[in-house]
Amino acid sequence: MNTPTPSVCKANSSAGILLIGSVSWALLGAGLQVLATTQLLVPSLSYLLPIPWIGYGHLAPLVSFLFTYGWISSGFLGVLLILIPRISGIPFRYGRLLTSAAILWQFAVLGGLAEILWNGSTGLLSLPFSRSVSVLFFISFLILGTGLTRGLGRSWKSGPLLPRLYLLGGLIAFPLGLGTAELLLRGSLAPGALQIIMQFTWHSFLHHLWLTPLALVLLFQLLPALTGRAAGSLSLGILSWVATITLGGWIGNSLASEGPMPSWLQSAGVVATLLLGVAVLGNTLLFKPLLEGKWEECRRQVALRFFAVGFWSYFASYAWITFLALPGVRQTTTFTMVGQATQALLLFSFYGNVLAGGIYALLPASRSMGWPSHPALAYHFWFTTLGAALLASAYALAGIFQGLALNDPGVPMSTISSYLRPFLVIVLAGQLFWWIGQLAFSSIFFASLLKLFPSVAPVAVFPANRDIPNHPLHPAHH
Amino acid sequence: MKSTQALVLVFLALLFTWAGQVALGFFQVGRLEPILNEETNYPAPPTPSGLAQTGARVFASQGCLECHSLSVRGPSGSADLTRGWGPRRTVPRDYLFREPALIGLSRIGSDLSNAGLRIPESKDLLMHLYNPRQRNPNSTCPPHPWLFDSSLAGPSIENEALPVPTRNWKQLLPSYEAKALVAYLQSLRTDYALPEAPLK
């Protein structure tokens, strides 16, 4: 990896804006998430305080929006803006334009937040905001994406291929998916049930062809750099990449069970999900040897530990999605809380951990700053990990019980709601843990940006291990 | 692998997804047409009123989809029909005139594909929106009092005023949004036969 040059740092302010936005939106989303679940757990609260904009119907889609577009998308773009000029050695031009685009992305999130809070969601899957907000996202993405593609194209032959391939896939899938969804869903071009097909397609694009490839870029680029080992078979990696890009857009169809979706599309979704499980297994075989015998380093280095958990969460998330696509399971769990379990696994475990690892590994390189060996690092890891585990497992169990009860016509709906209550208590605890972890991260993130800590190092290490390891991402430290 | 090769591969892969779902989807469900019932001379599915279409947007904006689905499954592997959520399973043609077409992914509350059949009276639906616990004390559905306007009652209470106790000679009248939402809920019914989903 190349040493940063002053010209490379042109993109630093845009990356900084995106990352500050990402951390702030995550914090806000986590707080609102707790408020939403509290209302679901104690429905009487909405009778005591009937205010529309803090009601569950507004908060639930808002939280999902903040996490997807505000926290993860903004964060990944920020981390990539630091990473790409460094691996390509090609500085970004038009730094101010990139900064404007980063600000525009934050305005788009803010606009979406205001809209959903005051006017409510549009009801469209993964597209809960108006067309004007979509346009802001689109323009911002075109500028940021063009900047990233330029660095990518010129440095194609230098460095590992797989992260470049995933980045290319993600950068093309996002505008294609969003553009098509906008045209067909809001341009009155798609009649009736086609709108629902399009919603599922966009939902799949957003998660499996945009966020997952970006997370894999960071894993394929940074995990070998942090462990000092090269990823194994390139042909297996390329095969998994082809499968991910080809099948990722079909996964959402397996969420539907009968209803408006033609049955062949649902079957195609199931087959695609099962085949994608094989691709994920291929990537797992590539990542696993990188971490073998690295237990001590994972214990010491913050970034490596987050990446390790992120990688295993990648496997767990897609194994869970594959399990849910199995015909008998799908019939039982459609329209239940297993959907939230999938979201929790993807957002909080997979994307969230990879993003945190990326920030810990790359931010010092761009801001000439360091991380203190502070207990908040451990709080961040343990609280977010425990929170995500509680969330995913409670939602998964709740969903399975809900599905079994829904399929028993003798069980009234009010009884099913009471079945869910104990699980919702665990969900609430998980969300509180995750929020505390995120608070710990925010405190250390902002304090480090403001250079408030007297003693810092470019490599984040947990407090129990104050000896700073040599770090392949920071040659100056050798 | 060259960058151009990778670019072509990505385009082909995404084109496969796009063409498979959007284009083939269009040819299969995008060109569906209503069926004319020769006995009644009405089309099926029926065209919803403009008020009901506005109501669909109110339905979405109030977040009803966070707890309610709009899709009844068939008898194999699901109890939707046994629960009385509809006279038959829903099929793509049922969504023909729905704008926006919504489905929902959660069933904390019951499915609403046939809300118009199950609660036909608009007064009952309005009461449910104002206070769901009036009809069902165990309801987890939140109240929507902001969909109602409080105004001074004249010499007599208006017909559409809610039968709830009020103070200071006031009456509770449904707002335009409440009326639209009720019109939408009443339009949700699949009590017509389709060739692919006959009534039993």
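Predicted model: local features only at pLDDT ≥ 70, side-chain atom pairs only at ≥ 80, totals over all residues.
User: Why are helix H13 (residues 338-367) of chain A and helix H14 (residues 375-406) of chain A called roughly antiparallel?

Analyst: The axes of H13(A) and H14(A) come within 7 Å and cross at roughly 160°. Angles over 145 degrees count as roughly antiparallel, so H13(A) is roughly antiparallel to H14(A). The crossing of the two helices H13(A) and H14(A) is left-handed.

User: Which residues make that contact between H13(A) and H14(A)?

Analyst: On the H13(A) side you will find Val338(A), Gln340(A), Ala341(A), Ala344(A), Leu345(A), Phe348(A), Ser349(A) and Gly352(A). They meet Thr384(A), Ala388(A), Leu391(A), Ala392(A), Tyr395(A), Ala396(A), Gly399(A) and Ile400(A) in H14(A). By class, the contact of H13(A) with H14(A) has 11 nonpolar and 5 polar residues, with no charged ones.

User: What makes helix H11 (residues 302-325) of chain A roughly antiparallel to H13(A)?

Analyst: Here the angle is roughly 155°, with the axes of H11(A) and H13(A) coming within 8 Å. The cut-off is again over 145 degrees, and therefore H11(A) and H13(A) are roughly antiparallel to each other. H11(A) passes H13(A) in a left-handed crossing. The contact of H11(A) with H13(A) holds 18 nonpolar residues, 7 polar and no charged.

User: Why is H2(B) described as roughly perpendicular to helix H6 (residues 176-187) of chain B?

Analyst: Those helices, H2(B) and H6(B), pack at an angle of about 100°, with their axes 7 Å apart. The range for roughly perpendicular is 65 to 115 degrees, which means that H2(B) is roughly perpendicular to H6(B). Among the residues making the contact are Leu51(B), Val58(B) and Phe59(B) of H2(B), and Lys179(B), Leu181(B) and Tyr184(B) of H6(B). The contact of H2(B) with H6(B) divides into 9 nonpolar, 3 polar and 2 charged residues.

User: How do you know that domain 1 and domain 2 of chain A touch, and what does domain 1 bring to the contact?

Analyst: Chain A is divided into domain 1 (10-159) and domain 2 (332-478). Their centres, taken over C-alpha atoms, are separated by 18 Å. The contact takes 23 residues from domain 1 of chain A and 23 residues from domain 2 of chain A, where a contact requires C-beta atoms within 7 Å. On the domain 1 side, helix H1 (12-41) and helix H3 (56-88) of chain A are the elements giving two or more residues. H1(A) supplies the largest share, 15 residues. That side of domain 1 of chain A has 15 nonpolar, 7 polar and 1 charged residues.

User: How many residues of chain B are in contact with chain A, and which elements supply them?

Analyst: 59 residues of chain B are in contact with 62 residues of chain A. On the chain B side, helix H1 (3-30) and helix H2 (50-61) of chain B each give two or more residues. The largest share, 18 residues, comes from H1(B). The side of chain B that touches chain A divides into 31 nonpolar, 22 polar and 6 charged residues.

User: Where in chain A is confidence lowest and highest among the helices, and where does pLDDT stay under 50?

Analyst: Chain A has a mean pLDDT of 89, and 95% of its residues reach 70 or more. Confidence is lowest in helix H2 (residues 45-48) of chain A, at a mean of 83, and highest in H14(A), at 96. Over residues 1-8 of chain A, pLDDT stays under 50, and the model has 15 contacts beyond four places in sequence for that stretch.

Terms used:
Residues numbered from 1 in each chain as written. Chains lettered and ligands numbered in written order. Axes fitted to C-alpha atoms, helices over the stretch in contact; angles between N-to-C directions. Helix = DSSP H or I, 4+ residues; strand = E, 2+ residues; numbered from the N terminus. Parallel < 35°, antiparallel > 145°, perpendicular 65-115°, else oblique. Left-handed = near helix turned anticlockwise from the far one by under 90°. Contact = placed C-beta atoms within 7 Å. Nonpolar A, V, L, I, M, F, W, Y, C, P; charged D, E, K, R; others polar. Domains from an automatic or database assignment. pLDDT = per-residue confidence, 0-100.
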